[in-house]
Amino acid sequence: MAPAGPRSGDAIFASVERVNAELFTLTYGAIVRQLLTDLEEVEEVNKQLDQMGYNIGVRLVDEFLAKSNVSRCVDFKETAEVIAKVGFKMFLGVTASVTNWDAEGTCCSIVLEDNPLVDFVELPDTCQGLYYCNVLSGVIRGALEMVSMKTEVTWARDMLRGDDAFELQVKLLKQVPEEYPYKDDE
Amino acid sequence: MIGVGKVKQYSNVLDKPLSKGKQEVSLSAFAFLFSELVQYNQTQVDNIAELERRLEDAGYSVGARVLELLCHRDKGNRRETRLLGILSFVHSTVWKVLFGKVADSLEKGTEHEDEYMISEKELLVNRFISIPKDMGTFNCGAFVAGIVRGVLDGAGFPAVVTAHFVPIEGQQRPRTTILIKFAEEVLKREARLG
């Protein structure tokens, strides 16, 4: 059988099992509140959320590759497009767009049109330094690391902090060459 | 307010129109997140009871919000005041919204007057969880038990809620039973109301 071509984010999202976004939103809120209580420092909470995201990304990339049939991206530009158009759609049901490329094509912005993590959320004065959605940056970093790309992902705009959109800046630090520790017989 | 974009800005979360709750995310996204919740809490405790208590606390805060949200959106700012009413609200309305289906069963305990059980053959949070042997009777359903306790407590029905695995004959995986034991005052009030 010929291998099937890559599938669109919409098609995958329509075919996977789904749950109510409110359960997801409220559970995430419970996690953030727990971290704020345990760790006290907002900076520490940001770090922990990023770490949780990283753990998720490392595991999530397998499911992503298995379900999307995406083949190897030719460059980082294509990678970013795939994350925005297929990745966000298939897991969170939202679309994102890629903009603000730098001249080298190694740094861009992913802008979320919709963000299920932040429904019902408002940051109190005591949490102004909190990157509430930091789990997302960790997910991208973790997933890309599994496909040999070291990246740095930071928030450029955050609506909970008064900006007009959610914008993640993704910067490619280096592409780790793939190594073959095993003997390649074929 | 900084920035003038195409997205409408609200100064206050309460000014936003309430969503209809029809949005969805993939089950895996939730499962990944839930797994992180469990793993993080494992690093914060010394024993299973403590871990269940922390998951229950996390669930409680979800339940309290679910009650407020559903009473406002689905029930026109009214809430149930009678025991059977609130139980069926949890079993049907809450379950349907959170887990996409009505719970498999709602039963009254046979031995104690104050006990009720909601059972689910395959509880959503337990779908991708297998319990290592050394963790004994640990049940991630503690999170759901917490949700139930949050809803009940917020509605004025304080109760102790716990999650248990119950083996089913001929099935490899046990079902999960959420055991609700109401506080004495609840039953007294209920008796008074007749």
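Reader: Helix H2 of chain A passes helix H2 of chain B. Is that crossing left-handed or right-handed?
Author: The crossing of H2(A) past H2(B) is right-handed. A crossing is right-handed if the near helix is turned clockwise from the far one by less than a right angle, and left-handed if anticlockwise. Helices (H or I, at least four residues) and strands (E, at least two) are DSSP runs, numbered from the N terminus.

Reader: Before we go on, what kind of model is this, and how is it numbered?
Author: This is a predicted model: local features need pLDDT of at least 70, side-chain atom pairs count only at pLDDT 80 or more, and totals for chains, interfaces and linings use all residues. Residues are numbered from 1 along each chain as its sequence is written, while chains are lettered from A and ligands numbered from 1 in the order in which they are written.

Reader: Back to those helices. At what angle do the axes of H2(A) and H2(B) cross?
Author: At roughly 130°, and the axes come within 9 Å. Axes are lines fitted to C-alpha atoms, for helices over the stretch in contact, and angles run from 0 to 180 degrees between N-to-C directions.

Reader: Which residues of H2(A) and H2(B) meet?
Author: From H2(A), they are Leu26(A), Thr27(A), Ala30(A), Arg33(A) and Gln34(A). They meet Ala58(B), Ser61(B), Val62(B), Arg65(B) and Val66(B) of H2(B). By class, the residues of this contact are five nonpolar, three polar and two charged. Two residues are in contact if their C-beta atoms, placed from the backbone, lie within 7 Å. Ala, Val, Leu, Ile, Met, Phe, Trp, Tyr, Cys and Pro count as nonpolar, Asp, Glu, Lys and Arg as charged, and the others, Gly among them, as polar.

Reader: How many residues does each chain put into the contact?
Author: Chain A gives 37 residues and chain B gives 34. On the side of chain B, strand E1 (24-26), helix H1 (27-42), H2 and helix H3 (83-99) each give two or more.

Reader: Which strands pair across the two chains?
Author: Strand E1 (residues 18-20) of chain A pairs with E1(B). The pairing is antiparallel, over three bridges. Val19(A) stands opposite Val25(B). Two strands pair if DSSP finds at least two bridges between them.

Reader: New topic: chain B by itself. How many helices and strands?
Author: Five helices and five strands. Along the sequence, the pattern is β-α-α-α-β-β-α-β-β-α. The C-alpha trace of chain B spans about 60 × 45 × 30 Å along its principal axes.

Reader: In what order do the strands of the chain B sheet come?
Author: The order is E2-E3-E5-E4, in an open sheet of four strands with antiparallel pairing. E2 (105-108) and E4 are the edge strands, each pairing on one side only. From one strand to the next, the twist averages 20°.

Reader: How many bridges join the strands of each pair in that sheet?
Author: E2(B) and E3(B) share four bridges, with Lys108(B) partnered by Tyr116(B). E3(B), residues 115-120, has six bridges with E5(B), residues 175-182. Met117(B) and Leu179(B) are bridge partners in that pair. E4(B), residues 159-166, pairs with E5(B) over eight bridges, and His164(B) has Thr177(B) as its partner.

Reader: And Gly154(B): which helix is it in?
Author: Gly154(B) lies in helix H4 (residues 142-154) of chain B. Gly154(B) is partly exposed because it has 18 C-beta neighbours inside 10 Å. A residue is buried if 20 or more other C-beta atoms lie within 10 Å of its own, exposed if 12 or fewer, and partly exposed in between, with C-beta atoms placed from the backbone.

Reader: What does Gly154(B) touch beyond its neighbours within four places in sequence?
Author: Gly154(B) is in contact with Ala64(B) and Leu67(B). Gly63(B) is 91 residues from Gly154(B) in sequence, yet the C-alpha atoms are 8.3 Å apart.

Reader: What percentage of chain B is buried?
Author: Buried residues make up 34% of its 194 residues.
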